[in-house]
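Student: I have a model open and I'd like to learn how to read it feature by feature. Can we go through it together?

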Amino acid sequence: MVSLSTPLSKIQGIQTRFITKLKKLGIETVRDLIFHFPVRYEDFSHVYKIEELTPGSEVTITATVESIKSRNTWKRGLFMVEADLIDETGVIRATWFNQPYIKNVLQPGRSANFAGKVVQSKNTGEMYLSNPTYELVSEHSDHETKHTARIVPVYSETRGLTSKGLRFLIQPVLKRLEEIPEIFPADILESDDIPEVNEALQSIHFPETTDEALRARRRFAFEDLFFLQLKNISERIKLAEKNANKINVNIESVKSLIESLPFELTTSQKKSLWEIIQDIERPHPMNRLLQGDVGSGKTVIAGLAAHEVASAGFQSAFMAPTEILARQHYHTFLKLFPGYEHGIALLTASESRISYGNALESITKKPALIKEIASGNVKIIIGTHALIQKNVSFKNLAFVIVDEQHRFGVRQRAVLEQNEKITPHFLSMSATPIPRTLSLTLFGDLDLSLITELPKNRKPIITRIVMPDERTMTHQFIRDEVKNGRQVFVICPRIEKPEESDNAAWQQLQVRSVKEEHEKLSTKIFPDLSVEMLHGKMPAKEKESIMRAFSENKINILIATSVIEVGVDIPNATIMMIEGSERFGLAQLHQFRGRVGRAEHQSYCLLFTDSSSVTTKTRLRSLVEAKNGFELAEKDLKIRGPGEFMGEAQTGMPDLAMKAIQNPDLVKHAREVAQQILETDRTLKKNPLIREHLAEFRKDVHWE
Ligand code: ADP
Ligand code: MG
């Protein structure tokens, strides 16, 4: 018998070379191995007679090797093994490439199962089995098959570990695995027809039927969702018990502040601000996600809240993902609160600035600014991750705003808790439109505020797919817009042309690059206009001066990489032109599009593509049709699945749970069960197995 914690190296019969390969995949124990689930299955369960075979089908046959030979194919320089296989109904040929050892195993007279695809030769019209998996079977044993005559698991194959190899390893381990305890109470399993764990492990790897495999997958998805929820809910409870600074908000002063803005807040902006204010008035930390489509005006809401926190005498930190955005927010705040006497500062790796009252900004050296922050003099501090470096400490940080980062890590958050007694209020802002089920699962520990409408002055952005022959026309259009005083973004998928040494496939794709495009547009097409470029490899100073010049309308056309994907606010820009648009995800394209249409001018998003593929067109068309990010997100989620949609790395979600998110009932049930268990057993003392599992789960799921 083996247990879950048995190291694979302690199991007899597993060759050391496998142990090494598995280790590279992070598989070291029995648990790791059997929780390495198949990605799909192949149905070879029906065993056919040779005379029944038809071209194109995937089959298993039981046959005897009549003859077998190997040769080098002169055409492709491959080593080929060919065998004639017979049963009582006929004969069929099987071929394998580059597996010379097969000749030693499948000697004439041997019986075996062969599973694979029946192919019809173009030259002779004869049928043959192409590269079938074989499995020796002795007639007198009731030995269970692994690779043939059943539904066969297919694993993601990495670094020399084939599905066949994994089946060889997993099947005997599963057979010898001691019974493992079920973590869920029986009534929970029953209420949702969820199979018990031992059964589910067996059937996720070696199911008798497709249904059985699906049920097993559902169980493990439920388990992951359950632990996600359990983690979220218990974190929520823990946070609610912590202390935070209670901010006394003067409603009258908020009202007059809102009156002083150059525009009227939308209803949902007001509602969101109100929700935030109510939260920060409590002595326990707020933990809130402010979600709103690009351009919906999240920054001003955060700013108003920070303003109130400062009036109450406390500090706020506003963290942006890039220096460009941090600087932009800094300038936005200076504009929103002219003559602001409590101080607004900017701290990034390359800049430190501070501004009090009407004294125009006093440029500070970094150490001086850090001192100002520590003394508590400056109340609103905007920056990048530089804000959570060790050398920065706050006097009385009460409010933290995090812009456009999907998950602000628990660890990073801890850095901002200046003392154990007080936890700052947290506001996370995101334009990534996350469908409801997904956000409940991923952000179940957060309260949600939604900005559901765009400011009134906006006209819908006109989006067009532009084919290569319409390029010249577009250039004229751009010229006209610029003549009217507007500005243009051009996005390219790459910074520069690939080196000669880069693989040829890339070159063939003719991906447009920022540098080439800049060269072409600035010298040939718009020599009379100001055309500049911006990309991540430029020094921070240069990026800044380009962005500044662009925001002051000293540049007409800005060619950039995805560096300007999120947050950049240039209300005067009206054309967003995207080269190679098929190379970007829909959510990303929507973000690009959100860079224009930020004021009253009619704006345009032009999607250039050289691809004539139908799927590309369909995908791009959904961007043309979708009016807002949420609509698009639902579509994208359907087309690509949640992993692709969010980017696996960003979510850190277990695979199965990711897929299961498209099943809202399962999500809901997992949430209810988690709630139910925590209600009666807060510390999970009565459910030690679940508690243990949760600890493991926290280790496995990385949020940062
Ligand atoms: P996002 O939600 O994408 O971060 P921003 O906060 O950058 O959006 O706001 C987009 C633009 O809209 C900014 O120029 C901002 O000043 C402006 N804005 C914000 N709220 C309103 C409003 N209620 N009416 C008009 N313009 C607004
Ligand atoms: Mg923003």
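Student: Let's start with a polar contact. Which side chain does the side chain of Ser121 make a polar contact with?

Tutor: Look for a pair of N or O atoms within 3.5 Å. In this predicted model, the partner is the side chain of Thr124, at 3.1 Å.

Student: Where is Ser121 in the fold?

Tutor: Ser121 sits in the loop between strand 6 (111–120) and strand 7.

Student: Does Ser121 count as buried or exposed, and why?

Tutor: The cut-off for buried is under 20% relative accessible area. Ser121 has 17% relative accessibility, so Ser121 counts as buried. If you skip its neighbours within four places in sequence, Ser121 is in contact with Glu126 and Tyr128.

Student: And Ser268: where is it, and which backbone nitrogen does its side chain reach?

Tutor: Ser268 belongs to helix 9 (residues 267–280), and its side chain reaches the backbone nitrogen of Thr452 at 3.1 Å. Ser268 is buried too, because its relative accessibility is 7%. Leaving out residues up to four places away in sequence, Ser268 touches Leu450, Ile451, Thr452 and Glu453.

Student: Next, aromatic rings. How many aromatic pairs are there?

Tutor: Rings pair if their centres lie within 6.5 Å, and planes over 60 degrees apart count as edge-to-face. By that rule there are 14 aromatic pairs. Take Trp96 and Tyr134: their ring centres are 6.4 Å apart and the planes stand at 90 degrees, so this pair is edge-to-face. The pair links distant parts of the chain, with Trp96 in strand 5 (residues 90–97) and Tyr134 in strand 7 (residues 127–136), 38 residues apart.

Student: What is the relative accessible area of Trp96, and of Tyr134?

Tutor: Trp96 is at 0%, so Trp96 is buried. Tyr134 is at 12%, so Tyr134 is buried as well.

Student: Which residues form an aromatic cluster?

Tutor: Phe184, Phe222, Phe226 and Phe227 form one.

Student: What about charges over rings: which ring face does Arg17 lie over?

Tutor: Here you check both the distance to the ring centre and the angle to the ring normal. Arg17 lies over the face of Phe18, at 4.9 Å from the ring centre. You'll find Arg219 over the face of Phe220, with 5.6 Å to the ring centre.

Student: What is phi of Asp193 near?

Tutor: Phi of Asp193 is near 50 degrees, again a positive value in a residue other than glycine. Asp193 lies in the loop between helix 5 (186–191) and helix 6 (197–205), and at 45% relative accessibility Asp193 counts as partly exposed.

Student: I also clicked on Asn377. Which residues is it in contact with?

Tutor: Setting aside its neighbours within four places in sequence, Asn377 is in contact with His342, Tyr356 and Glu372. The C-alpha atoms of Asn377 and Tyr356 are separated by 9.8 Å, and these residues are 21 apart along the chain. Asn377 is in the loop between helix 12 (366–375) and strand 14 (380–383), and is partly exposed at 43% relative accessibility.

Student: Let's move to the ligand. Which residues come nearest to ligand 1?

Tutor: Start with the surrounding residues, then go to atom pairs. Of the 16 residues around ligand 1, Gly295, Lys298, Arg458, Asp569 and Arg598 come nearest. For atom pairs, a polar side-chain atom of Gln269 lies 2.9 Å from a nitrogen atom of ligand 1. A polar side-chain atom of Thr299 is 2.8 Å from an oxygen atom of the ligand. Ser296 uses a backbone N or O atom, at 3.5 Å from an oxygen atom of ligand 1. Taken alone, ligand 1 exposes 570 Å², and the protein buries 87% of that.

Note on methods
Residues numbered from 1 in each chain as written. Chains lettered and ligands numbered in written order. Predicted model: local features only at pLDDT ≥ 70, side-chain atom pairs only at ≥ 80, totals over all residues. Heavy atoms only, no water. Phe/Tyr/Trp six-rings, centres within 6.5 Å; stacked < 30°, edge-to-face > 60°. Helix = DSSP H or I, 4+ residues; strand = E, 2+ residues; numbered from the N terminus. Buried < 20%, exposed > 50% of the residue type's maximum accessible area, 1.4 Å probe, protein only. Lys NZ or Arg CZ within 6 Å of the ring centre and 35° of its normal. Near = heavy atom within 4 Å. Polar contact = N/O pair within 3.5 Å; in protein donor to acceptor, adjacent residues only side chain to side chain. Areas by Shrake-Rupley, 256 points an atom, 1.4 Å probe, with all protein chains shown as cover. Contact = heavy atoms within 4.5 Å.
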